[in-house]
Amino acid sequence: MNILLTGGTGYIGSHTAATLVAAGHRVILYDNLCNSQASVADRLQTITGHALPLVVGDIRDTALLSKTLTTHQIEAVIHFAGLKAVGDSVKDPVTYFDNNVGGTISLLQAMKAVGIKTLVFSSSATVYGVPHYLPYDEKHPTGAINPYGRSKLHVEELLSDLAHADAGWRIACLRYFNPVGAHDSGLIGEDPSGIPNNLMPYVARVASKALPQLTIFGSDYDTPDGTGVRDYVHVMDLAEGHLAALISLSKGDSPIRYTNLGTGIGISVLQLVDAFQRASGQTVPHILAARRPGDLPAYYADVAKAKAELGWTAKRTLEDMCESTWHFQVTSRHANK
Ligand SMILES: NC(=O)c1ccc[n+]([C@@H]2O[C@H](COP(=O)([O-])OP(=O)(O)OC[C@H]3O[C@@H](n4cnc5c(N)ncnc54)[C@H](O)[C@@H]3O)[C@@H](O)[C@H]2O)c1
(Lines give C-alpha, C1' and ligand atoms only; values in the text may rest on other atoms or scores of the structure.)
Protein backbone atom coordinates (compact mmCIF):
# COMPACT_ATOMS: atom_id res chain seq x y z
CA MET A 1 0.00 0.00 0.00
CA ASN A 2 1.19 3.58 -0.68
CA ILE A 3 0.90 5.47 2.60
CA LEU A 4 1.42 9.17 3.30
CA LEU A 5 2.71 10.05 6.77
CA THR A 6 2.08 13.68 7.70
CA GLY A 7 4.58 14.58 10.41
CA GLY A 8 6.56 11.60 9.08
CA THR A 9 9.99 12.82 10.19
CA GLY A 10 8.77 13.35 13.77
CA TYR A 11 9.24 10.99 16.69
CA ILE A 12 6.29 8.62 16.29
CA GLY A 13 6.02 9.11 12.51
CA SER A 14 9.61 8.02 11.86
CA HIS A 15 9.28 4.84 13.94
CA THR A 16 6.01 4.02 12.22
CA ALA A 17 7.67 4.59 8.85
CA ALA A 18 10.35 2.00 9.72
CA THR A 19 7.67 -0.53 10.75
CA LEU A 20 5.51 0.03 7.65
CA VAL A 21 8.45 -0.29 5.24
CA ALA A 22 9.56 -3.48 7.01
CA ALA A 23 6.02 -4.81 6.44
CA GLY A 24 6.33 -4.14 2.70
CA HIS A 25 4.51 -0.82 2.36
CA ARG A 26 5.65 2.22 0.38
CA VAL A 27 5.93 5.25 2.66
CA ILE A 28 6.00 8.93 1.69
CA LEU A 29 6.95 11.45 4.38
CA TYR A 30 5.32 14.89 4.48
CA ASP A 31 6.60 17.37 7.08
CA ASN A 32 7.29 21.08 7.45
CA LEU A 33 10.26 20.24 9.73
CA CYS A 34 9.06 22.63 12.47
CA ASN A 35 9.97 19.97 15.07
CA SER A 36 12.16 17.48 13.21
CA GLN A 37 15.01 17.25 10.74
CA ALA A 38 15.22 16.20 7.10
CA SER A 39 18.16 13.92 8.03
CA VAL A 40 15.59 11.54 9.60
CA ALA A 41 14.71 10.46 6.04
CA ASP A 42 18.37 9.48 5.47
CA ARG A 43 18.45 7.58 8.75
CA LEU A 44 15.30 5.74 7.72
CA GLN A 45 17.02 4.77 4.49
CA THR A 46 19.89 3.30 6.51
CA ILE A 47 17.45 1.41 8.71
CA THR A 48 15.12 0.11 6.01
CA GLY A 49 17.38 -0.10 2.94
CA HIS A 50 14.79 1.93 1.00
CA ALA A 51 14.81 5.60 0.01
CA LEU A 52 11.71 7.26 1.48
CA PRO A 53 10.54 10.33 -0.45
CA LEU A 54 10.25 13.41 1.80
CA VAL A 55 7.96 16.26 0.77
CA VAL A 56 8.82 19.36 2.80
CA GLY A 57 5.53 21.18 3.20
CA ASP A 58 2.87 22.34 5.60
CA ILE A 59 -0.40 20.43 6.08
CA ARG A 60 -2.20 23.78 5.76
CA ASP A 61 -0.99 23.90 2.13
CA THR A 62 -3.98 22.03 0.66
CA ALA A 63 -2.76 22.34 -2.93
CA LEU A 64 0.63 20.78 -2.16
CA LEU A 65 -1.06 18.00 -0.19
CA SER A 66 -3.46 17.22 -3.07
CA LYS A 67 -0.57 17.15 -5.51
CA THR A 68 1.43 14.84 -3.21
CA LEU A 69 -1.52 12.47 -2.77
CA THR A 70 -1.95 12.21 -6.54
CA THR A 71 1.72 12.08 -7.56
CA HIS A 72 2.52 9.26 -5.16
CA GLN A 73 -0.79 7.41 -5.74
CA ILE A 74 -1.50 7.44 -2.02
CA GLU A 75 -4.09 4.95 -0.72
CA ALA A 76 -4.07 5.79 3.01
CA VAL A 77 -2.90 8.63 5.24
CA ILE A 78 -1.52 8.47 8.77
CA HIS A 79 -1.84 11.94 10.25
CA PHE A 80 0.85 12.61 12.85
CA ALA A 81 1.55 16.28 12.04
CA GLY A 82 0.68 18.52 14.93
CA LEU A 83 2.02 20.61 17.77
CA LYS A 84 2.09 18.78 21.09
CA ALA A 85 3.45 20.92 23.95
CA VAL A 86 0.63 21.40 26.46
CA GLY A 87 2.27 24.48 28.05
CA ASP A 88 2.72 26.21 24.68
CA SER A 89 -0.91 25.48 23.80
CA VAL A 90 -2.02 27.29 26.97
CA LYS A 91 0.09 30.32 26.02
CA ASP A 92 -0.87 30.34 22.34
CA PRO A 93 -4.13 28.50 21.67
CA VAL A 94 -4.69 30.20 18.30
CA THR A 95 -1.50 28.73 16.86
CA TYR A 96 -2.42 25.30 18.26
CA PHE A 97 -5.93 25.31 16.82
CA ASP A 98 -4.69 26.70 13.50
CA ASN A 99 -2.06 23.95 13.19
CA ASN A 100 -3.87 20.97 14.69
CA VAL A 101 -7.49 21.66 13.71
CA GLY A 102 -6.94 23.94 10.68
CA GLY A 103 -4.21 21.61 9.42
CA THR A 104 -6.51 18.59 9.69
CA ILE A 105 -9.30 20.41 7.81
CA SER A 106 -6.83 21.16 5.03
CA LEU A 107 -5.76 17.50 4.94
CA LEU A 108 -9.37 16.29 4.78
CA GLN A 109 -10.12 18.74 1.96
CA ALA A 110 -7.17 17.39 0.00
CA MET A 111 -8.17 13.77 0.67
CA LYS A 112 -11.77 14.48 -0.36
CA ALA A 113 -10.63 16.21 -3.53
CA VAL A 114 -8.70 13.14 -4.70
CA GLY A 115 -11.07 10.51 -3.24
CA ILE A 116 -8.88 8.97 -0.50
CA LYS A 117 -10.94 7.89 2.51
CA THR A 118 -8.61 5.85 4.71
CA LEU A 119 -7.14 7.79 7.63
CA VAL A 120 -5.36 6.99 10.87
CA PHE A 121 -5.31 9.95 13.26
CA SER A 122 -2.84 10.55 16.12
CA SER A 123 -5.14 11.29 19.01
CA SER A 124 -4.21 11.28 22.66
CA ALA A 125 -5.26 10.08 26.09
CA THR A 126 -5.52 13.77 26.98
CA VAL A 127 -8.99 13.78 25.35
CA TYR A 128 -10.31 12.01 28.47
CA GLY A 129 -9.37 14.72 30.96
CA VAL A 130 -9.93 14.20 34.68
CA PRO A 131 -10.54 10.46 35.27
CA HIS A 132 -14.06 9.49 36.38
CA TYR A 133 -12.65 5.98 36.80
CA LEU A 134 -9.49 4.09 35.86
CA PRO A 135 -8.33 2.53 33.68
CA TYR A 136 -9.73 4.82 30.99
CA ASP A 137 -11.67 2.75 28.48
CA GLU A 138 -12.87 4.19 25.18
CA LYS A 139 -16.35 4.79 26.65
CA HIS A 140 -14.92 7.09 29.32
CA PRO A 141 -16.41 10.57 28.86
CA THR A 142 -14.15 13.01 27.02
CA GLY A 143 -13.30 16.36 28.58
CA ALA A 144 -9.86 17.64 27.69
CA ILE A 145 -8.46 20.10 30.22
CA ASN A 146 -6.08 22.16 28.07
CA PRO A 147 -6.04 23.69 24.56
CA TYR A 148 -3.79 20.93 23.17
CA GLY A 149 -6.20 18.22 24.34
CA ARG A 150 -9.19 20.22 23.09
CA SER A 151 -7.56 20.54 19.65
CA LYS A 152 -7.37 16.72 19.52
CA LEU A 153 -10.96 16.42 20.71
CA HIS A 154 -12.17 18.91 18.07
CA VAL A 155 -10.50 16.83 15.38
CA GLU A 156 -12.08 13.63 16.74
CA GLU A 157 -15.50 15.36 16.65
CA LEU A 158 -14.94 16.55 13.10
CA LEU A 159 -13.91 13.03 12.04
CA SER A 160 -17.00 11.60 13.73
CA ASP A 161 -19.23 14.01 11.78
CA LEU A 162 -17.40 13.14 8.58
CA ALA A 163 -17.85 9.39 9.15
CA HIS A 164 -21.56 9.92 9.76
CA ALA A 165 -21.92 12.05 6.64
CA ASP A 166 -20.12 9.54 4.41
CA ALA A 167 -19.95 5.89 5.49
CA GLY A 168 -17.30 5.27 2.83
CA TRP A 169 -14.61 6.62 5.15
CA ARG A 170 -12.41 4.28 7.19
CA ILE A 171 -11.01 6.27 10.12
CA ALA A 172 -9.03 5.09 13.14
CA CYS A 173 -8.52 7.54 16.01
CA LEU A 174 -5.62 6.12 18.02
CA ARG A 175 -5.48 7.52 21.54
CA TYR A 176 -1.84 7.25 22.54
CA PHE A 177 -0.82 7.13 26.17
CA ASN A 178 2.84 8.05 26.87
CA PRO A 179 5.13 7.01 24.02
CA VAL A 180 8.80 6.53 25.00
CA GLY A 181 11.84 4.58 23.82
CA ALA A 182 13.58 4.40 20.48
CA HIS A 183 14.38 2.18 17.51
CA ASP A 184 16.94 -0.57 18.26
CA SER A 185 19.36 0.94 15.74
CA GLY A 186 19.80 4.03 17.93
CA LEU A 187 19.46 6.13 14.75
CA ILE A 188 16.00 7.56 15.47
CA GLY A 189 14.33 8.49 18.75
CA GLU A 190 12.78 11.39 20.61
CA ASP A 191 15.16 14.31 20.23
CA PRO A 192 13.46 17.55 21.26
CA SER A 193 15.32 20.78 20.72
CA GLY A 194 15.87 22.82 23.91
CA ILE A 195 14.67 21.61 27.30
CA PRO A 196 12.51 18.47 26.90
CA ASN A 197 8.83 18.74 27.91
CA ASN A 198 8.44 15.01 28.37
CA LEU A 199 9.83 12.99 31.27
CA MET A 200 11.84 10.28 29.47
CA PRO A 201 14.02 12.52 27.27
CA TYR A 202 14.57 14.75 30.30
CA VAL A 203 15.73 11.78 32.37
CA ALA A 204 18.01 10.67 29.51
CA ARG A 205 19.65 14.09 29.40
CA VAL A 206 20.17 14.14 33.14
CA ALA A 207 21.71 10.65 32.95
CA SER A 208 24.08 11.87 30.23
CA LYS A 209 24.90 14.97 32.34
CA ALA A 210 23.58 17.36 29.68
CA LEU A 211 21.15 18.57 32.37
CA PRO A 212 22.07 18.76 36.07
CA GLN A 213 19.03 17.19 37.72
CA LEU A 214 15.40 16.17 37.37
CA THR A 215 12.67 17.99 39.29
CA ILE A 216 9.76 15.68 40.13
CA PHE A 217 6.58 17.71 40.49
CA GLY A 218 4.32 16.18 43.14
CA SER A 219 5.33 13.53 45.68
CA ASP A 220 2.14 13.48 47.75
CA TYR A 221 -0.35 12.12 45.23
CA ASP A 222 -2.55 9.20 46.18
CA THR A 223 -0.29 6.76 44.30
CA PRO A 224 1.94 3.94 45.64
CA ASP A 225 5.04 6.17 46.06
CA GLY A 226 3.35 9.59 45.91
CA THR A 227 4.66 10.53 42.43
CA GLY A 228 2.55 10.77 39.26
CA VAL A 229 1.60 7.59 37.43
CA ARG A 230 1.42 7.24 33.63
CA ASP A 231 1.06 4.48 31.05
CA TYR A 232 4.39 4.47 29.19
CA VAL A 233 4.30 2.58 25.89
CA HIS A 234 7.31 1.73 23.71
CA VAL A 235 7.27 3.73 20.47
CA MET A 236 7.96 0.57 18.44
CA ASP A 237 4.87 -1.07 19.97
CA LEU A 238 2.97 2.08 19.08
CA ALA A 239 4.33 1.91 15.52
CA GLU A 240 3.06 -1.67 15.23
CA GLY A 241 -0.32 -0.42 16.49
CA HIS A 242 -0.58 1.78 13.38
CA LEU A 243 0.11 -1.19 11.12
CA ALA A 244 -2.55 -3.19 12.99
CA ALA A 245 -5.00 -0.28 12.66
CA LEU A 246 -4.48 -0.08 8.89
CA ILE A 247 -5.05 -3.82 8.51
CA SER A 248 -8.16 -3.66 10.64
CA LEU A 249 -9.54 -0.67 8.69
CA SER A 250 -9.14 -2.56 5.42
CA LYS A 251 -11.14 -5.49 6.82
CA GLY A 252 -13.73 -3.66 8.92
CA ASP A 253 -17.03 -2.10 7.92
CA SER A 254 -17.17 0.61 10.58
CA PRO A 255 -16.44 4.13 9.22
CA ILE A 256 -14.78 5.27 12.45
CA ARG A 257 -13.32 3.72 15.56
CA TYR A 258 -11.45 4.94 18.64
CA THR A 259 -8.73 2.85 20.24
CA ASN A 260 -6.43 3.29 23.24
CA LEU A 261 -2.79 2.42 22.62
CA GLY A 262 -1.03 1.83 25.92
CA THR A 263 0.22 -1.06 28.03
CA GLY A 264 -2.51 -0.90 30.66
CA ILE A 265 0.19 -0.63 33.34
CA GLY A 266 0.70 2.48 35.45
CA ILE A 267 4.34 3.41 36.17
CA SER A 268 5.31 6.13 38.64
CA VAL A 269 7.97 8.77 38.01
CA LEU A 270 10.21 7.22 40.68
CA GLN A 271 9.78 3.74 39.17
CA LEU A 272 10.78 5.12 35.78
CA VAL A 273 13.82 6.89 37.19
CA ASP A 274 14.86 3.73 39.00
CA ALA A 275 14.48 1.59 35.86
CA PHE A 276 16.43 4.16 33.84
CA GLN A 277 19.31 4.18 36.32
CA ARG A 278 19.53 0.39 36.11
CA ALA A 279 19.33 0.33 32.29
CA SER A 280 21.93 3.07 31.78
CA GLY A 281 24.26 2.39 34.71
CA GLN A 282 24.14 6.15 35.38
CA THR A 283 22.71 8.07 38.29
CA VAL A 284 19.80 10.44 37.72
CA PRO A 285 19.97 13.12 40.43
CA HIS A 286 16.44 14.27 41.27
CA ILE A 287 14.61 16.49 43.72
CA LEU A 288 10.99 16.40 44.82
CA ALA A 289 8.96 19.59 44.36
CA ALA A 290 5.37 20.78 44.77
CA ARG A 291 2.61 19.59 42.42
CA ARG A 292 2.26 21.46 39.11
CA PRO A 293 -1.17 22.94 38.41
CA GLY A 294 -3.05 20.96 35.76
CA ASP A 295 -1.13 17.67 36.24
CA LEU A 296 -3.28 14.61 36.82
CA PRO A 297 -2.18 12.24 39.62
CA ALA A 298 -2.54 9.04 37.63
CA TYR A 299 -3.94 7.57 34.45
CA TYR A 300 -3.52 4.42 32.38
CA ALA A 301 -5.33 2.62 29.60
CA ASP A 302 -7.82 -0.17 29.35
CA VAL A 303 -6.31 -2.05 26.42
CA ALA A 304 -9.00 -4.71 25.87
CA LYS A 305 -10.47 -2.96 22.80
CA ALA A 306 -7.07 -2.71 21.07
CA LYS A 307 -6.59 -6.42 21.59
CA ALA A 308 -10.09 -7.38 20.45
CA GLU A 309 -10.36 -5.06 17.43
CA LEU A 310 -6.78 -4.63 16.24
CA GLY A 311 -5.28 -7.86 17.58
CA TRP A 312 -2.60 -5.60 19.11
CA THR A 313 -0.97 -5.59 22.52
CA ALA A 314 2.19 -3.84 23.67
CA LYS A 315 4.99 -6.39 24.05
CA ARG A 316 8.00 -4.39 25.19
CA THR A 317 8.88 -3.85 28.86
CA LEU A 318 9.85 -0.77 30.86
CA GLU A 319 13.45 -2.04 30.70
CA ASP A 320 13.25 -2.14 26.88
CA MET A 321 11.92 1.44 26.91
CA CYS A 322 14.79 2.68 29.11
CA GLU A 323 17.54 0.70 27.35
CA SER A 324 16.53 1.87 23.88
CA THR A 325 16.22 5.48 25.06
CA TRP A 326 19.71 5.32 26.56
CA HIS A 327 21.14 3.66 23.43
CA PHE A 328 19.66 6.47 21.31
CA GLN A 329 20.93 9.12 23.73
CA VAL A 330 24.50 7.76 23.53
CA THR A 331 24.39 7.14 19.76
CA SER A 332 22.94 10.56 18.88
CA ARG A 333 25.43 12.32 21.15
CA HIS A 334 28.30 10.66 19.28
CA ALA A 335 26.66 11.38 15.91
CA ASN A 336 26.33 15.07 16.76
CA LYS A 337 29.96 15.50 17.86
N1 LIG B 1 4.62 12.07 21.88
C2 LIG B 1 3.55 12.06 22.66
O3 LIG B 1 3.68 12.03 23.89
C4 LIG B 1 2.15 12.05 22.07
C5 LIG B 1 1.08 11.59 22.84
C6 LIG B 1 -0.19 11.60 22.31
C7 LIG B 1 -0.39 12.06 21.00
N8 LIG B 1 0.66 12.52 20.27
C9 LIG B 1 0.42 13.05 18.92
O10 LIG B 1 1.12 12.24 17.98
C11 LIG B 1 1.54 13.04 16.88
C12 LIG B 1 3.03 12.83 16.67
O13 LIG B 1 3.71 13.19 17.87
P14 LIG B 1 5.29 13.12 18.00
O15 LIG B 1 5.59 12.82 19.41
O16 LIG B 1 5.86 12.27 16.93
O17 LIG B 1 5.63 14.65 17.75
P18 LIG B 1 6.77 15.31 16.85
O19 LIG B 1 6.76 16.77 17.12
O20 LIG B 1 8.06 14.58 17.00
O21 LIG B 1 6.22 15.02 15.38
C22 LIG B 1 5.25 15.84 14.76
C23 LIG B 1 5.77 16.20 13.38
O24 LIG B 1 4.80 17.02 12.72
C25 LIG B 1 5.47 18.06 12.06
N26 LIG B 1 4.50 19.16 11.91
C27 LIG B 1 3.92 19.90 12.88
N28 LIG B 1 3.07 20.79 12.35
C29 LIG B 1 3.10 20.60 10.99
C30 LIG B 1 2.44 21.21 9.89
N31 LIG B 1 1.60 22.23 10.05
N32 LIG B 1 2.70 20.76 8.64
C33 LIG B 1 3.58 19.74 8.46
N34 LIG B 1 4.24 19.13 9.46
C35 LIG B 1 4.00 19.56 10.71
C36 LIG B 1 6.68 18.40 12.93
O37 LIG B 1 7.73 19.01 12.22
C38 LIG B 1 7.07 17.01 13.45
O39 LIG B 1 8.03 16.40 12.60
C40 LIG B 1 1.17 14.48 17.22
O41 LIG B 1 -0.03 14.80 16.54
C42 LIG B 1 0.96 14.45 18.71
O43 LIG B 1 0.03 15.41 19.13
C44 LIG B 1 1.93 12.51 20.76
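**Notebook: sheet and helix packing**

I began with two helices: H7 passes H9 in a right-handed crossing. By the convention I used, a crossing is right-handed if the near helix is turned clockwise from the far one by less than a right angle, and left-handed if anticlockwise.

The model is predicted, so I note its limits: local features need pLDDT of at least 70, side-chain atom pairs count only at pLDDT 80 or more, and totals for chains, interfaces and linings use all residues. Residues are numbered from 1 along each chain as its sequence is written, and side-chain values use heavy atoms, with hydrogens and water left out.

Helices (H or I, at least four residues) and strands (E, at least two) are DSSP runs, numbered from the N terminus.

**H7 and H9.** I looked up the geometry next. H7 (residues 199-207) and H9 (residues 269-280) pack at about 45°, with axes 11 Å apart. Axes are lines fitted to C-alpha atoms, for helices over the stretch in contact, and angles run from 0 to 180 degrees between N-to-C directions. The pair is therefore oblique; under 35 degrees would be roughly parallel, over 145 roughly antiparallel, and 65 to 115 roughly perpendicular, with the rest oblique.

Which residues of H7 meet H9? They are Leu199, Met200, Val203, Ala204 and Ala207, against Val269, Leu272, Val273, Phe276 and Ser280. The contact (heavy atoms within 4.5 Å) divides into nine nonpolar residues, one polar and no charged. Here Ala, Val, Leu, Ile, Met, Phe, Trp, Tyr, Cys and Pro are nonpolar, Asp, Glu, Lys and Arg charged, and the others, Gly among them, polar.

**Arg205.** This residue sits in H7. Is Arg205 buried or exposed? At 15% relative accessibility, Arg205 counts as buried (under 20% relative accessible area; exposed is over 50%, partly exposed in between; 1.4 Å probe, protein chains only). Beyond neighbours within four places in sequence, I found Arg205 in contact with residues including Asp191, Pro192 and Gln329.

**The sheet.** I traced seven strands in an open sheet, order S3-S2-S1-S4-S5-S6-S11, with parallel pairing. Two strands pair if DSSP finds at least two bridges between them. S3 (54-56) and S11 (256-261) stand at the edges with a single partner strand each, so one side of each lacks a neighbour in the sheet. The twist averages 20° from one strand to the next.

**H8.** Helix H8 (residues 235-251) lies across S1, S4, S5, S6 and S11, at about 155° to S6. Ala244 is in H8 and is buried at 12%. Not counting residues up to four places away, Ala244 touches Leu310 and Trp312.
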